[in-house]
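Subject: A structure to look at

Hello,

My notes come after it.

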Amino acid sequence: MRYDMAVERIEEMKNEHKKFFREYFDAGINLILDIKDIYETDIRSLSMNELEAINEKMYKELEKDNYETSFANPDYAKEKLGDYYKELCYIYTKLRAQIRNAYKKNLEEITMYMELFNSIYGRFRDELPKPKHINEVIYDFEKDNSEIFAEKRIRELVDNENTFAIDLVNMCVGGDYRYLYFYGEHISKNEIEMAKFLDKLPGEEIKKLAHVYASGYIRGFKLTGKDLSIKESVDIRYNIGFERIVKASFEEFKKEGLKPVIYTGGYSSTSINRQFNYDHKNDEGLFIDKAYIKRKLEVTKTAFENVKEKALLMAGPAVIEIFGETPFEPVSKSSAISLDEEQQKIQSEYRTKYVNMVNQYIKGDERSFTIIAFPIPEFGDNFEEMFRETVKINTLDQVAYGKVQKKIIDTLDKGEYVVVKGMNGNETDIKVMLHELKNPEKETNFENCLADVNIPLGEVFTSPKLTGTNGILNVSNVYLNGLNFKNLKITFEDGKIKDYTCDNFEDEKENKKYIKQNVMFNHDTLPIGEFAIGTNTTAYVIANKYDVVYKLPILIVEKMGPHFAVGDTCYSFEEDIKTYNPDGKEIVARDNEITLNRKTDISKAYFGCHTDITIPYDELKEIYVVDKNNEKYHIISQGRFVLEGCELLNEPFDE
């Protein structure tokens, strides 16, 4: 058996004299043997204390101080391993990823990485190989096994017969929290205290939270006229510790004939060290090239073909996000693997092609989604109070807000363009062009967004016309995709990014690299996919009351002021589906000049990303719309809503 042979060789290596890099290979051997012990142990028979001890043992290496002397840290690896550090650091990091596979009893992948380690060890046994030969071993391994990796990943995305995580969710009863450790992820106080907190809530309150979560998802189908009855599965995503809400949601979705799918990565835990994740975000740069990506796309398509019937039955993701983690400002390490310009281009092209492929098999015009967010204990002493405030934010009166937002939309629909200007040091000054309405009595540019796919409610949004949309978008401090951006400034020309900068690093090249990688996802430019005006002033006031704007997820922050999204529109792959507001008007601004390319060359229509950037009310001087006669209609002035009929939105400010 391959596994037995690999283990036998590892155990022999433990006692062998190592001529080169003894410390590294001993660390790898010990890690593999620890993973072997977990795999061969009946984990579910262990006590809470035993499970906690194993979890601490396997993850303590990544704690901030310990990480300084870990071979998973590229700085330390470079110091100890010289010219071989990138390849050996990569392999060590991949070995660490097998911890979760040991808990899942995923023997095949564990064995594959053991064999890779054995192969690399053999190359160093008698003499130092050339670094390029080690790189070639990794390249061949990743390329040759891409079919296996793709098959597992794609099948997990759509197959409701994979019950690993579902079984763990169903274990959350009776105050026995051992199940938290069965995932194989790092478990911190966040996960444990979250599970205990939810256990204290009455059953009816849990059902209410699950209903808000699931009903938003279901409304997403109804509002777009999509047939949920032809679907069988819902893609559930959550942070470990929220099992009680997730379990209650199973019953809500079951009423609609939906079974849960929870794939590896659909559940997660709070990171023990986000710098570790940041250091390794571009590890594919070690081997990515056109041939590798070509192969990856081929095997991904084959994998989708093998599960295409199940893929057609997937209704889309229902996501529970978290917030409250201590803000993270990454250190940019020159030792970390990065993508060169050619690789950036290859990766961005892959992202676009992969998104198109997903849409082909999990049809965009047949699926929907929902996202809701809650705080976690790391939020601080006010966690429980903030949890209750979040429930309040998530359950605001949809009827009342719907009427107010209709007033804003009716005014916006009078205009040719909208002007947004900042104040208090904010240099935003941008003109946003709107699509022409052929029949204003029956058409609108803006969607009246209530609590369905994006919970909480509180925005009106559109896909703006790109031609003529020019100006500067500036935010003093914002968190995007979990990263902090200081004084972010983006210049648009005809609706596309022309220039960009921030103040995170002293070196301007580092600032641009930081934005290009983490906001633009290595595209040379991106269009404005969305312009919106957030109306959830309740969320804004609560966030400022607790001074936690920087801890909130974009899901809530985007409702706390006007925002612009760079990348795809909100209607990607659904442009031909007629969508209506509650007043019966059709939302016609579903395309822009980029997405229209889908009719001739779909590869030029989408980017596979959508990042919202919000201007807070206290940095907002004014928003006004201008009609064909050059008449102005003010929506917001000095951070307050001034349009008649919007008084409700100023009440939280006054309180």
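Below is what was found, region by region.

This is a predicted model, where local features need pLDDT of at least 70 and side-chain atom pairs count only at pLDDT 80 or more, while totals for chains, interfaces and linings use all residues. Residues are numbered from 1 along each chain as its sequence is written, and side-chain values use heavy atoms, with hydrogens and water left out.

Let me start with helix 3. Helices and strands here are DSSP runs numbered from the N terminus (H or I with at least four residues for helices, E with at least two for strands). Helix 3 covers residues 48-59, twelve in number, and reaches 17 Å from its first C-alpha to its last. That is close to the 16 Å expected at 1.5 Å a residue, the expected span being 1.5 Å times one less than the number of residues. Its buried residues are Leu51, Asn55, Met58 and Tyr59. Seen down the helix axis, they fall within an arc of 85°, so they line one face of helix 3; the arc is taken from the directions from the axis to the C-beta atoms. Buried means under 20% relative accessible area, exposed means over 50%, and partly exposed is in between (1.4 Å probe, protein chains only). On the face of helix 3 turned away from the buried side sit the exposed residues Asn49 and Glu56. The cover over the buried residues of helix 3 includes helix 2 (22-39), helix 6 (85-96), helix 7 (98-103) and helix 12 (179-182).

Next, the core. In soluble globular proteins, nonpolar side chains tend to be buried together. A nonpolar core is a set of buried Ala, Val, Leu, Ile, Met, Phe, Trp, Tyr and Cys residues joined through side-chain atoms within 4.5 Å. The largest one has 211 residues, and Tyr24, Phe117, Tyr238 and Phe387 touch the most other members. Contact means heavy atoms within 4.5 Å. Leaving aside neighbours within four places in sequence, phenylalanine 117 is in contact with residues including Tyr24, Phe25, Ile29, Ile91 and Leu95.

Threonine 390, in helix 20 (residues 383-394), is buried with a relative accessible area of 0%. Beyond its neighbours within four places in sequence, threonine 390 contacts Phe323, Ala373, Phe374 and Pro375. Alanine 543 belongs to helix 23 (residues 537-545) and counts as buried at 1% relative accessibility. Not counting residues up to four places away in sequence, alanine 543 touches Val548, Val549, Leu552 and Met560. Leucine 457 is in the loop between strand 9 (447-449) and strand 10 (459-462), and leucine 457 is buried too, with a relative accessible area of 1%.

On a 1 Å grid over the protein atoms alone, a cavity is a set of points where a 1.4 Å probe fits but cannot get out, and a pocket is an open set with protein on both sides within 12 Å along at least five of seven lines; lining residues have an atom within 4 Å of a point. Points are joined across faces, edges and corners, and a volume is the space filled by probe spheres set on them.

- The second largest pocket holds about 570 Å³ of space. Its lining has 26 residues, with His186, Ser271, Ile272, Asn273 and Arg274 nearest its centre. Helix 13 gives the most to this lining, with four residues.
- Among the 15 residues lining the largest cavity, Tyr278, Lys281, Ser332, Lys513 and Gln517 are closest to its centre. Helix 22 gives the most to that lining, with four residues.

Most residues other than glycine have a negative phi. Asparagine 424 has a positive phi of about 55° although it is not a glycine; asparagine 424 lies in the loop between strand 6 (417-422) and strand 7 (429-433) and is exposed, at 62% relative accessible area. Glutamine 638 also has a positive phi of about 55° without being a glycine. Glutamine 638 is in the loop between strand 19 (632-637) and strand 20, and is partly exposed at 49%.

Happy exploring!
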